Amino acid sequence: MSSSSSSSPSTSDEETLRRSRILKSKLYLDVPLPKVPIVYSASYDIAFLGIEKLHPFDSSKWGRICQFLISDGALDKKCIVEPLEASKDDLLVVHPESYLNSLKSSVNVARIIEVPLVALLPNCLVQQKVLCPFRNQVGGTILAAKLAKERGWAINVGGGFHHCSGEKGGGFCAYADISLCVHYAFVQLNISRVMIIDLDAHQGNGHELDFAGDRRVYILDMYNPGIYPFDYEARRYIDQKVEVMSGATTNEYVKKLDEALEVAARMFDPELVVYNAGTDILDGDPLGRLKISPNGIANRDEKVFRFARERNIPIVMLTSGGYMKSSARIIADSVINLSQKCLIDMGKNGA
């Protein structure tokens, strides 16, 4: 669903309904100050008879990130913010009812998450074991924008389902959490300009299709054009396209990122940055095909946070893709680095 403006009555009615749904949503919780703007729920993690192992994505990554942060003494477990699960009405802000109904077919869900065996399971189990964790992560992404506006930054330990648009899922992405997050920010946070910085190795075709022609949203997408999704239509809607070829090394990547952030700063003045921080750029990742070191990922995240924090722009970070078991440790180390560089405050004085 493009949110580009139109004067037709149907579009006006649609916007009114969208606004009403957003204002009635319970996802924007009031979070007590002692809590740290790191959003996670144990319900994020997907584990079901080992079927989750049939996809290269580490579906226990999210919990392991938090375990590392807690065991390293960087984060107090009691300070983590737990979101609510996105309801059907919440999802209808971006997704038409026909798309949500399509998820009642296990065959369709199996195609989206790329695990054929799921097609054979009763849909009630698929809803409970696969889609419910995704809906909890959607709630986390939406809430993270509110926290970022209040605290200057927020990290949803999950989310970043950037291959899902309002009309279509794919690439392990069943709900368009980025598009939903942005629409909620427009209405609830009185924000009118959002920059999406998508540094996952894959092109973020979902949010690109959803915001095609919407001048309130500026998209910087730095991706490998030689891998999934090969969505050439969506590429037309990228405001700032930075292509990084297979085999690119850390130095090359960081140089391109520095240049890209300089251009973005000149081209657009956002009131919110949504940062899709996939770790599938890591050297050895079977799907990303890039050769970025763990230190390179920490450096990348630091540069994006510095870009936002030095300009007093609230920033939301989502963990997105990453297909190696080492991703959880690398993400935790990067978050600790952000704390040590005083770009975020986890209440532990950078410990």
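1. The lining of the largest pocket is made by Lys35, Tyr40, Ser41, Ala42, Gly63, Cys66, Gln67, Ile70, Lys77, Ile80, Val81 and Glu82. On a 1 Å grid over the protein atoms alone, a pocket is an open set of points with protein on both sides within 12 Å along at least five of seven lines, a cavity is a set of points where a 1.4 Å probe fits but cannot get out, and lining residues have an atom within 4 Å of a point. This is a predicted model, in which local features need pLDDT of at least 70 and side-chain atom pairs count only at pLDDT 80 or more, while totals for chains, interfaces and linings use all residues. Residues are numbered from 1 along each chain as its sequence is written, and side-chain values use heavy atoms, with hydrogens and water left out.

2. The volume of the largest pocket is about 210 Å³, where a volume is the space filled by probe spheres set on the grid points, which are joined across faces, edges and corners. Sorted by class, its lining has 6 nonpolar, 3 polar and 3 charged residues; here Ala, Val, Leu, Ile, Met, Phe, Trp, Tyr, Cys and Pro count as nonpolar, Asp, Glu, Lys and Arg as charged, and the others, Gly among them, as polar.

3. How many cavities of 30 Å³ or more does a search of the whole structure find? The search finds 2, and the second largest cavity has a volume of about 100 Å³. Of the 15 residues that line the second largest cavity, Gly160, Cys173, Ser320, Gly321 and Tyr323 lie nearest its centre, and by class the lining has 6 nonpolar, 8 polar and 1 charged residues.

4. Tyr228, Phe230 and Tyr232 make a nonpolar surface patch of about 330 Å². Patches are made of residues with over 30% relative accessible area and no salt bridge, with nonpolar side chains (Val, Leu, Ile, Met, Phe, Trp, Tyr) joined within 5 Å and like charges within 9 Å; a salt bridge is a side-chain nitrogen of Lys or Arg within 4 Å of a carboxyl oxygen of Asp or Glu. Accessible areas come from the Shrake-Rupley method with a 1.4 Å probe, and for residues only the protein chains shown count as cover.

5. Phe230 belongs to the loop between β4 (217–223) and α9 (232–235), where helices (H or I, at least four residues) and strands (E, at least two) are DSSP runs numbered from the N terminus. Phe230 counts as partly exposed because its relative accessibility is 40%, given that buried means under 20% relative accessible area, exposed over 50%, and partly exposed in between (1.4 Å probe, protein chains only). Pro229 also lies in the loop between β4 and α9, and a cis peptide bond, with omega about 15°, joins Tyr228 and Pro229.

6. Most residues other than glycine have a negative phi, and most peptide bonds are trans. Phe172, in the loop between β2 (153–156) and α7 (177–188), has a positive phi near 70°, and Phe172 is buried, with a relative accessible area of 9%. Asn312, in the loop between α11 (294–309) and β7 (315–318), has a positive phi near 60°, but Asn312 is exposed, with a relative accessible area of 70%.

7. Ser246 lies in the loop between β5 (240–243) and α10 (250–267), and Ser246 and Gly226, 20 residues apart in sequence, are 6.9 Å apart in space, C-alpha to C-alpha.
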